[in-house]
Structure formats: C-alpha cells, structure tokens
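Here is a short walk through one structure. Keep the sequence and the 3D view open as you read.

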Amino acid sequence: MSGSPGITVKGQHRLGARVLFNTDLHIPGGQWTCLLGRSGVGKSTILRLILGLDTGGVFHGSFDATDGDPLTGRISYMAQSDLLLPWLSVVDNICIGGRLRGEVPWIARARDLLDRVGLSGHADQKPATLSGGMRQRVALARTLFEDRPIVFLDEPFSALDAGTRADMQELAAEVLQGRTVLLVTHDPAEAVRLAHQITVLSGQETQNWPVPDTTALRDINAKETLASQARLLAHLRGIAA
Ligand SMILES: Nc1ncnc2c1ncn2[C@@H]1O[C@H](COP(=O)(O)OP(=O)(O)OP(=O)(O)O)[C@@H](O)[C@H]1O
Ligand SMILES: [Mg+2]
C-alpha cells in the first residue's frame, strides 16, 4: 500500500515510581517489524500508547508518524485478548468496525476473509461456541477486514496449532503487504519468518536484531532462517526483563 508511514517512539514509560522501559524505536513504513521481549517488559504497552489507550502508567516522550500527519484513525489493532463482542455473530464481529463508522457492512468481504481463516462454516455462530484458536482467527479476520495503512498485531497467532499458525502467517503477509505492521510475538521462528526488522525490548533499551539476508516471507526450513531463529532464541534467553 503506498503511503504507509513509519512511526517513531522515543521516551520513558513509568508505572508509578518504577521505570518500565526507555525506548527509542523506529518502525519503518510499509514493512513488518516484529517486537519481542520478556513477558511484562511493556510490548503491549507500547502498542496501547501509540493507540492512545490507557496503559496504567505515564509516558514522557513522543510518538509520531514519519509523514507528520496524526496517527489517529490510521491504525487497525488486534489486541492480545480477542475482544469479540459476545452478542454478535462471527460475521457481524468481523464487520463491526464498518458498522460503528455507519458504513453499510461489506458482508461479502467478511465472508471471504472468514473462508480464508478456515471458518466459513461458522459465520452465524456466537463467539462463546468457538475454541480459543477459532476465536483468535475471527479476531484476525476482523483486523484484516479493516483497510488501514498501519496494523498492530499483539500475539495474533499465539493460540494456533503449528500448521494453522504457518497458514495464518502467510495469509497476513499477503493481505498486509506494503502496510506498516508492528507484530508482537514470543516466537523467534515467527519473527525470523515474517520480519523486515526485528526489535527486542528490554527495560533499558530497544535493540534491533539482524534478520537473514533473504526476502520475507521466508522459507521456514531454509538454513539461514533456522540459524537466525536459534541465535535469536539464545539472545532472548540471555536478556533480563
Ligand atoms: N492498566 C494497567 N495498569 C497498571 N499496570 C499495567 C496496566 N497494564 C499493564 N500494566 C503493567 O505494565 C507492565 C507491562 O505490561 P505489558 O502488558 O505491556 O507487557 P507485555 O510485554 O506485553 O507482556 P506479555 O508478553 O506477557 O504480554 C506489566 O508490569 C503490567 O503489570
Ligand atoms: Mg503483551
């Protein structure tokens, strides 16, 4: 997508008297950045800060789009919890963004995405009747349904079996090609497969980590992909929160 801006985030986030993290993060426009780091280090908090949502803390610093325009209304967001509305059917959950904006729901597109996440037979069910991995795929379809230049995905594949996860990575890479994507993950293999940029957050700094010299979406079995994910795992095990 042309015109997908980058984002810079620079500053310090505090929870009461405690400094949660210092960050100097540059998310390049039109590319995938995978954000990793220990549980509780503040990955979801960074997404919520940029989105203008409550984080329970205070951020001193700035976050800006590289094109200078406001970020408001240009980001679609898949939260760590699926946030499906229990009283709506699966297909109505996927269309909810458009409905809230007063648009005529684009049911054909919602059904097409539902088919592509492997849930075409479940359009009229309520979320409570689905498994955790099925719910996560509905939330993914809802996020892909939105046509925004910037997309935040917070552990979007965490509840999926390995085969479905690989399929959904491929779907997301195809649908979101050319957009600015910030993906939070704990999975080094996922990061190495998808990322143009890998960034590791610790309390002290944000550090970019080298990606293989091949084009994303990478072959899971390529030797440089496997070697890179092994090095990244060793690095993640060595860093403090
Ligand atoms: N609304 C809130 N009020 C107070 N503290 C919060 C709030 N939300 C998160 N925190 C705290 O901020 C810190 C970072 O949380 P965050 O959810 O960003 O971590 P994370 O890196 O995404 O972790 P995980 O990998 O487990 O999802 C944690 O110590 C958490 O307890
Ligand atoms: Mg999180």
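L83 sits in the loop between β5 (75–78) and α2 (90–94). This is a predicted model, and in it L83 has a positive phi of about 55° although it is not a glycine.

E155 lies in the loop between β6 (150–154) and α6 (162–175). Its phi is positive, about 50°, and E155 is not a glycine. E155 has 19 C-beta neighbours inside 10 Å, so it counts as partly exposed.

The peptide bond from A216 to L217 is cis. Its omega is near 5°. L217 belongs to the loop between β9 (206–209) and α8 (223–238).

Now step back to the domains. The domain assignment gives domain 1 as 7–74 + 150–238 and domain 2 as 87–147. Their centres, taken over C-alpha atoms, are 24 Å apart. Where do they touch? On one side, 11 residues of domain 1 are in contact with 9 residues of domain 2. β6 and α6 are the elements that give two or more residues to the domain 1 side. The largest share of that side, 5 residues, comes from α6. By class, the domain 1 side has 9 nonpolar, 1 polar and 1 charged residues.

Next, follow helix α5, residues 132–145. How far apart are its end C-alpha atoms? They are 20 Å apart, which agrees with the 20 Å that its 14 residues should span at 1.5 Å a residue. α5 is mostly covered, with 12 of its 14 residues buried. Among the buried residues are M134, V138, L140 and F145. R135, R137 and R142 are buried too. What do the buried residues of α5 pack against? Their partners are β5, α2, α3 (96–100), α4 (107–116), β6 and α6.

Finally, turn to ligand 1. There are 14 residues around it, and S39, K43, S44, T45 and G56 come nearest. Which helix gives the most to this shell? Helix α1 (residues 43–51) does, with 3 residues. By class, the shell around ligand 1 divides into 3 nonpolar, 9 polar and 2 charged residues.

Notes. Residues numbered from 1 in each chain as written. Chains lettered and ligands numbered in written order. Predicted model: local features only at pLDDT ≥ 70, side-chain atom pairs only at ≥ 80, totals over all residues. Near = placed C-beta within 6 Å. Helix = DSSP H or I, 4+ residues; strand = E, 2+ residues; numbered from the N terminus. Nonpolar A, V, L, I, M, F, W, Y, C, P; charged D, E, K, R; others polar. Buried ≥ 20, exposed ≤ 12 C-beta atoms within 10 Å, placed from the backbone. Expected span 1.5 Å × (residues − 1). Contact = placed C-beta atoms within 7 Å. Domains from an automatic or database assignment.
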